[in-house]
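Morning, everyone. I'll take one model and go through it piece by piece. Have the viewer open, please.

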Amino acid sequence: MAEFHHPRRRLCHTVQMNREGTQTSHRLDPRWPYRANPGFYDEIVDQAGTVRPRWRSLAGSLVSIGHESLARRWEEGRRLIHEHGVTYNVYNDPKSNDRPWPVDPVPMLLDGQEWAQIEAAIAQRATLLNAILADLYGPQYLLRSGKLPVETVFPNPHYLRPCRDIQVPGGVHLHVYAADIARSPDGRWWVMADRAQAPSGAGYALENRLVSSRVMPDVYRSMKVQRLAGFFQKFREALLGLVRRNVENPRVVLLTPGPFNETYFEHAFLARYLGYTLVEGGDLSVHDNRVYLKTLGGLLPVDVIMRRQDDNFCDPLELNADSMLGVPGLVQAVRSGNVAMANALGSGLVETATLSAFLEGLSRHMLGEELKMPSVATWWCGHDGPRNYVTNHLDQLVVKPSFPSMGSHPVFGERLSAAQRKEFAAKIQANPTHYVAQEQVAISTAPVWDDGRLAPRHLVLRVYAVASNGSYAVMPGGLTRVTSSLETLVVSMQHGGGSKDTWVLAEQEPQQITLLQPRVNTLEISRATFDLPSRVADNLYWLGRYTERVESAVRIVRTLLLRLFQETGPTLSQAGQAAVPVLQALGYLTLAPGGALPSPAQWEREILNLVFDSETRSSLAFNVHHVRRLAWLLRDRISADAWRILNQLDQQFSGKAPPEALQVNAAQDRLNHAVITLSAFSGMVMESMTHGDGWRFLDIGRRLERGLQMTELLRHGLANVADSDAAGLQMLLEIADCSITYRSRYLNSMQMELVLDLLLLDEANPRSVAYQFGQLRRHIEQLPESQILARRPAEARIALDLLSTVQLANVQELAKSDAQGKRQALESLLSRLSFELRNLSETLSRRYLSHSVASRRLVAP
């Protein structure tokens with residue numbers, strides 16, 4: 001067609017008028033230059049350079065907004081993405097496995113008429129694939145009648161023989177389905193691939209919508225974009241429709257492979273948005289053919305599992321014996337009808353490209369209809385005619401393995417030399433059933449915001465459907481993904497691709513929809529907080545420890561900066577000498593090098609490195625990043641505000657170090673802001689978290705770490721310090737944030753036993769060691785084992801012994817020093833307390849916390 005051979009064109013936004021004064025053409029404004037790519041359908045402009053009708057309102061809005069304003073808006077969009085922690089894990093990345101989710105500010109637009117056709121086609125295709133699954137895992141009429149060759153089914157590793165004849169609720173195997181569709185140069189949409197196992201991306205599509213509607217609210221409202229909430233409402237209704245018992249208040253869990261999966265953010269996001277419990281395989285167990293959630297309070301029955309991991313990994317007993325992600329006995333529990341699975345196990349069978357070669361005939365046979373949206377042209381090489389066509393036209397085709405798990409990669413025939421094509425054709429002839437070929441479609445382009453200008457990129461749209469009332473409801477929009485450059489047709493987030501929000505334009509103002517359920521049945525009032533898996537308790541416990549460790553280190557380093565950088569010369573004066581015990585404590589707590597103290601200049605460098613160096617494990621920045629990592633693992637458990645606080649803390653320590661001359665002031669500023677941020681998190685924990693077992697383990701971690709940090713600080717700061725060292729005592733009070741309390745009691749009289757009493761024995765002081773022990777004792781007495789055992793468990797006895805020890809201590813005896821100036825009694829007491837705190841941590845871990853994940857414990861001194 002001639003339209004695909006014109007030279008590259010520059011477009012502008014003008015309106016030409018005919019004699020009657022009506023519009024005859026629309027072009028992009030010259031301030032927004034855009035060069036469409038010849039040979040491809042462009043979404044925003046037609047072959048004549050005219051803006052397509054559905055894009056005209058947006059084009060006008062972009063002109064009104066202007067380049068600078070759009071850049072500012074999208075800077076805000078990127079800030080929101082970072083603030084929300086929207087990430088996508090990139091495998092084999094040496095720098096970082098999680099990257100900020102790439103979203104483009106210019107949405108993909110579809111009008112209502114075109115969308116209705118896409119919607120009908122996707123619903124039909126989902127219905128067809130569900131019928132195929134029901135047959136292949138049931139009577140297998142398609143195989144018996146020859147409508148589908150057995151070579152396309154039984155060799156497929158996604159055909160799970162243990163799942164044959166399992167009765168699924170309502171006959172639905174595909175509860176959620178996704179199709180990757182693309183537009184060819186003639187403007188038609190084609191299905192490129194089917195996603196039937198555990199389709200990903202719906203959560204990212206929703207996050208894209210949240211961001212785009214925030215940064216362009218005026219444009220979003222004016223264009224009457226269809227809402228996404230109705231789709232997720234249907235999704236939740238579909239899952240609740242699978243429940244066979246406990247219908248009034250069922251337990252639905254989202255099964256994730258874990259935090260190293262590429263779309264783990266989406267798993268946590270959807271669990272939180274839909275109100276489900278996020279679980280890993282180790283959180284579930286099967287007893288008497290029923291699935292239970294393992295919690296600190298006991299086993300809780302599970303009614304529905306929304307899985308986000310490959311079906312072959314779900315049960316190491318009957319499926320993949322090497323899987324460390326699954327639940328032994330899960331297939332038998334599903335077979336017994338005691339738990340429902342969405343999607344049904346084995347649904348990955350219909351993801352193979354081989355099936356596309358037969359879908360048109362299967363649609364006529366099973367539905368009595370022609371496919372409303374065809375698959376991209378596909379040839380299975382197991383038949384003579386298609387095989388001969390493939391070997392004769394390799395330069396025009398993409399050849400794939402019949403079943404992706406064979407380990408082969410797609411071969412682009414146009415990239416092969418004549419000799420290589422001949423050699424590859426021989427491979428196909430030798431094992432024809434192993435190969436399937438597809439036409440390489442010249443997929444359409446759409447504008448993206450690239451370095452301050454609009455530029456075309458190729459796109460693929462992933463559309464989602466959910467089973468609803470005997471058919472399928474389709475998300476009005478989807479996840480548009482774009483290529484990393486115009487030179488490639490491969491759309492992959494793993495290789496630098498991006499995404500867009502997808503706006504389906506409505507004629508009328510869209511209806512507002514809420515996910516809140518209307519009242520159906522009256523439920524009993526419950527204040528239960530016991531659905532806490534040990535893995536989550538483990539993460540909460542270490543989050544508490546790391547946040548407290550960071551706060552303690554921040555306070556210590558901030559106080560040291562005030563002392564060290566007031567000193568001059570090669571030796572430390574009296575005020576600087578007071579910092580020596582604190583520096584030694586830093587070394588013991590692995591926050592600084594141990595051993596002999598270097599020169600003041602070296603200590604200054606070490607202190608600044610603690611603030612700015614993010615690579616060293618002992619640095620503040622490294623520990624702050626670990627706090628964020630733990631918070632990321634708890635996205636479905638902590639509030640959005642708590643996440644924002646910890647994410648902000650991470651951002652405060654993510655900036656580059658300033659020039660050396662400005663580092664001292666910048667370090668003080670960073671530390672001051674960190675104290676404020678950590679205080680905000682502490683307040684959020686105390687005032688916003690329900691005081692159940694989750695909060696309790698978080699606070700146990702905080703109290704245990706604060707007790708340990710203060711014990712070590714006192715041991716190094718007081719055990720060998722002279723009574724007359726007022727500067728050293730003042731430093732300890734500043735670190736502990738107790739200066740005002742001390743002065744209100746004793747004015748300016750600085751005495752060893754008074755400081756010791758305030759920081760060690762005063763149970764009313766929230767910074768004292770005794771206060772931490774009292775809180776630990778109260779928390780541990782509320783844990784499940786303490787409630788059911790007749791005798792106190794080991795951790796309760798340790799906590800009681802710690803509190804009793806400090807309550808019985810005599811401050812005058814502890815403050816006494818021997819002839820060498822050492823306080824042996826104080827040293828002995830503090831050493832014992834430090835040992836017992838670590839013993840308490842180990843005891844709690846053995847009894848309650850997770851052993852199925854790598855330890856997150858702090859680096860031991």
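Start at Thr 127, which is partly exposed because its relative accessible area is 27%. On the cut-offs: buried means under 20% relative accessible area, exposed means over 50%, and partly exposed is in between, with a 1.4 Å probe and protein chains only. Thr 127 sits in helix α3, residues 112-136. Helices are DSSP runs of H or I with at least four residues, strands are runs of E with at least two, and both are numbered from the N terminus.

Before going on, the ground rules. This is a predicted model, so local features need pLDDT of at least 70, side-chain atom pairs count only at pLDDT 80 or more, and totals for chains, interfaces and linings use all residues. Numbering runs from 1 along each chain as its sequence is written, and side-chain values use heavy atoms, with hydrogens and water left out.

Back to Thr 127. Its side chain reaches the backbone oxygen of Ala 123 at 2.8 Å. What does Thr 127 contact beyond four places in sequence? Leu 367 and Tyr 472. Contact here is heavy atoms within 4.5 Å. Then there is Gly 470: 343 residues away from Thr 127 in sequence, yet 9.0 Å away in space, C-alpha to C-alpha.

Next, Gln 124, also in helix α3. Buried or exposed? Gln 124 counts as buried, because its relative accessibility is 5%. A polar atom of its side chain lies 2.9 Å from the backbone nitrogen of Lys 372. Leaving out residues up to four places away, Gln 124 touches Ser 363, Leu 367, Glu 369, Glu 370, Leu 371 and Lys 372. Leu 367 is on the list for Gln 124 and on the list for Thr 127.

Now a helix pair. Two packed helices are described by the angle between their axes and the distance between the axes. The axes of α5 (residues 202-215) and α8 (residues 264-274) come within 8 Å and cross at roughly 75 degrees. Axes are lines fitted to C-alpha atoms, for helices over the stretch in contact, and angles run from 0 to 180 degrees between N-to-C directions. The two helices are therefore roughly perpendicular, a label that covers 65 to 115 degrees. Residues of α5 that meet α8 include Tyr 204, Leu 206 and Leu 210. On the α8 side, Phe 265, Phe 269 and Tyr 273 are among them.

Another helix: α26, residues 794-807, holds Glu 795. Glu 795 counts as buried, because its relative accessibility is 0%. Its contacts beyond four places in sequence include Glu 785, Arg 847 and Tyr 848.

Backbone geometry now. Ala 342 and Asn 343 are joined by a cis peptide bond, omega about -5 degrees. Asn 343 belongs to the loop between β14 and α10. Asn 289 is not a glycine, but its phi is positive, about 65 degrees. Asn 289 lies in the loop between β10 and β11. Asp 737, not a glycine either, has a positive phi of about 60 degrees.

Finally, the whole protein. It has 28 helices and 23 strands. Of its 861 residues, 56% are buried. The average pLDDT is 85, and 87% of the residues score at least 70. pLDDT is the predictor's confidence in each residue, from 0 to 100. Over residues 567-572, pLDDT is below 50.

Terms used
A polar contact is a pair of N or O atoms within 3.5 Å; within protein, one must be able to donate a hydrogen and the other to accept it, and residues adjacent in sequence count only if both atoms are side-chain atoms. Angles under 35 degrees count as roughly parallel, over 145 as roughly antiparallel, 65 to 115 as roughly perpendicular and the rest as oblique.
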